[in-house]
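Work through the following exercises with the sequence and the model at hand. Each task is followed by a solution in steps.

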Amino acid sequence: MTESFFAYINHTYLFDLIPLDSFLHFLVGAIISIIGLKYNYRLRFIFGFLLTIGILKELNDYHFAYKTHYFSYVSDILASLIYIPLIVIIRKTKNYLALKEKHALNKLKY
């Protein structure tokens, strides 16, 4: 029963494009990241936490649940972590645009 459940998740695609397994890893990683940010944890800590949990989870899958190609394990870990770089890119872009706007406003004053 358990093996068929994991096999179903590993072989199901959303919209025939996105693997369900990777989407679920992304979703859980995003939820943990959002909760961590809500409680003011640093992005590095959240990243390390997600990396540790991801590696342990994939080791568990490999030994006890569902054996597959190593690329699947690596992609699952990366899917769990991808939310953190997205947050960093968004924050850096917002800061850059705010600084650019401030600089433009200062030019208009003179």
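**Exercise 1.** Classify the exposure of Phe26 and of Tyr83, then describe how their rings pair.

*Solution.* Phe26 has a relative accessible area of 26% and is therefore partly exposed; the classes are buried under 20%, exposed over 50% and partly exposed in between, with a 1.4 Å probe and protein chains only. Tyr83, at 22%, is partly exposed. The ring centres of Phe26 and Tyr83 lie 6.1 Å apart and the planes meet at 65°, so the pair is edge-to-face. The rule behind this takes rings of Phe, Tyr and Trp (its six-membered ring) as paired if their centres lie within 6.5 Å; planes under 30 degrees apart are stacked, over 60 edge-to-face and the rest tilted. Phe26 belongs to helix H2 and Tyr83 to helix H5, 57 residues apart, and the pair links distant parts of the chain. Helices (H or I, at least four residues) and strands (E, at least two) are DSSP runs numbered from the N terminus.

The model is a predicted one, in which local features need pLDDT of at least 70 and side-chain atom pairs count only at pLDDT 80 or more, while totals for chains, interfaces and linings use all residues. Residues are numbered from 1 along each chain as its sequence is written, and side-chain values use heavy atoms, with hydrogens and water left out.

**Exercise 2.** How many aromatic pairs are there, and how is the pair of Phe45 and Phe49 arranged?

*Solution.* The count is three aromatic pairs. A pair of aromatic rings is described by the distance of the centres and the angle of the planes. For Phe45 and Phe49 the centres are 6.4 Å apart and the planes are at 15°, so this pair is stacked. Both residues lie in helix H3, four residues apart, about one turn of the helix. Phe45 is partly exposed at 48% relative accessibility, and Phe49 is partly exposed at 38%. Together with Tyr41, Phe45 and Phe49 form one aromatic cluster.

**Exercise 3.** Which residues make up the largest nonpolar core, and which helix gives the most to it?

*Solution.* A nonpolar core is a set of buried Ala, Val, Leu, Ile, Met, Phe, Trp, Tyr and Cys residues joined through side-chain atoms within 4.5 Å. The largest one has seven residues: Leu43, Ile46, Leu50, Ile77, Leu81, Ile84 and Ile87. H3 gives the most, with three residues. Next, take Leu43 and set aside neighbours within four places in sequence: Leu43 is in contact (heavy atoms within 4.5 Å) with Leu37, Ile84, Ile87, Val88 and Arg91.

**Exercise 4.** Locate the salt bridge and state whether each partner is buried or partly exposed.

*Solution.* A salt bridge is a side-chain nitrogen of Lys or Arg within 4 Å of a carboxyl oxygen of Asp or Glu. The whole structure holds one. Its partners are Lys57 and Glu58, at 3.8 Å from N to O. Lys57, at 30% relative accessibility, counts as partly exposed, whereas Glu58, at 4%, counts as buried. His25, found in helix H2, touches both Lys57 and Glu58, and also Asp76, Ala79 and Ser80, not counting residues up to four places away in sequence. His25 is itself buried, at 10% relative accessibility.

**Exercise 5.** Compare the span of H2 with its expected value, then find where Asp16 and Asn40 lie.

*Solution.* H2 has 19 residues and reaches 27 Å from its first C-alpha to its last, close to the 27 Å expected at 1.5 Å a residue; the expected span is 1.5 Å times one less than the number of residues. Among the buried residues of H2 are Leu20, Gly29 and Ala30. Asn40 lies in the loop between helix H2 (20-38) and H3, and its phi is near 60°, a positive value in a residue other than glycine. Asn40 is exposed, with a relative accessible area of 68%. Asp16 sits in the loop between strand S1 (13-14) and strand S2 (18-19). Phi of Asp16 is also positive, near 55°, and Asp16 is exposed at 74%.

**Exercise 6.** What pattern does the chain follow along its sequence?

*Solution.* There are five helices and two strands, in the order α-β-β-α-α-α-α. Of the 110 residues in the chain, 25% are buried.
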